[in-house]
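Student: I am new to this structure. Please show me how to read its features.

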Amino acid sequence: SSGINAEWPLRPGNHGTGLNIPGAGLGKWKSPLWGCFDDIGSCLITWFFPCWTMGKVAESVGEDCLIYGILGMVPIVYGYFRHVIREKVAFRSGIKEEVWESLLISYFLPLCGNLQERTQNNVQVVCGSTDDIKITRK
C-alpha cells in the first residue's frame with residue numbers, strides 16, 4: 001500500500017485554480033452559513049427533523065445515516081459528531097476551516113451548519129422531488 005488516499009485524485013472545480021484538491025484549502029463553501037433559507041423545503045425538514053438531514057449528510061461522506069442521525073441528536077455530544085461530519089465535508093471540498101470554527105458552528109449553529117454541508121454535497125433531503133416523478137402512459 002502506498003498510503004495514498006483513494007479520494008485524492010484531482011477533480012474539476014471552480015476554486016480559482018480550476019482544480020479541487022481535497023484537503024488543500026483551496027475550496028469555498030457553496031453557500032454562506034446564513035444561507036439557511038435558500039432552500040425553504042430543506043430548511044423546514046432540518047428544523048423539524050434535524051436527525052434526517054444530519055444522517056443524509058453523514059451518508060454523503062461515507063458514514064452510516066442512522067447512527068449519525070441519532071448521534072447528532074444526543075445532548076452534549078451532538079456537537080462533536082456534527083463536527084466530525086463537517087470536517088469530512090470540508091476536506092472533500094478542499095475547504096480549509098479551523099477546528100475551533102467547525103466546533104463552534106457544530107455546537108452553537110448546528111442547523112445552519114448542517115444546511116451549509118447539505119448544500120455543499122448536493123444532498124437531497126426533501127422527498128418527492130420532481131426528479132423522482134416518472135409519468136407513464138398506458
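Tutor: Start with patches. A patch is made of residues with over 30% relative accessible area and no salt bridge; like charges are joined within 9 Å, nonpolar side chains (Val, Leu, Ile, Met, Phe, Trp, Tyr) within 5 Å. Accessible areas come from the Shrake-Rupley method with a 1.4 Å probe, and for residues only the protein chains shown count as cover. This model is predicted: local features need pLDDT of at least 70, side-chain atom pairs 80 or more, while totals for chains, interfaces and linings use all residues. Residues are numbered from 1 along each chain, and side-chain values use heavy atoms, without hydrogens and water.

Student: Which residues form the nonpolar patch on the surface?

Tutor: Phe37, Ile40, Leu44, Trp47, Phe48, Phe49 and Trp52, with about 860 Å² of accessible area together. H1 gives the most, with 4 residues. Helices (H or I, at least four residues) and strands (E, at least two) are DSSP runs, numbered from the N terminus.

Student: At what angle do H1 and H2 pack?

Tutor: Axes are lines fitted to C-alpha atoms, for helices over the stretch in contact; angles run from 0 to 180 degrees between N-to-C directions. H1 (residues 40-48) and H2 (residues 50-60) pack at about 110°, their axes 5 Å apart.

Student: Which salt bridge does Arg118 form?

Tutor: Side chains of opposite charge can pair when their charged atoms come close. The rule asks for a side-chain nitrogen of Lys or Arg within 4 Å of a carboxyl oxygen of Asp or Glu. Arg118 pairs with Asp39, the closest N and O atoms being 3.4 Å apart. Arg118 is in helix H6 (residues 110-120), Asp39 in the loop between strand S2 (19-20) and H1, 79 residues apart. The count comes to 6 salt bridges.
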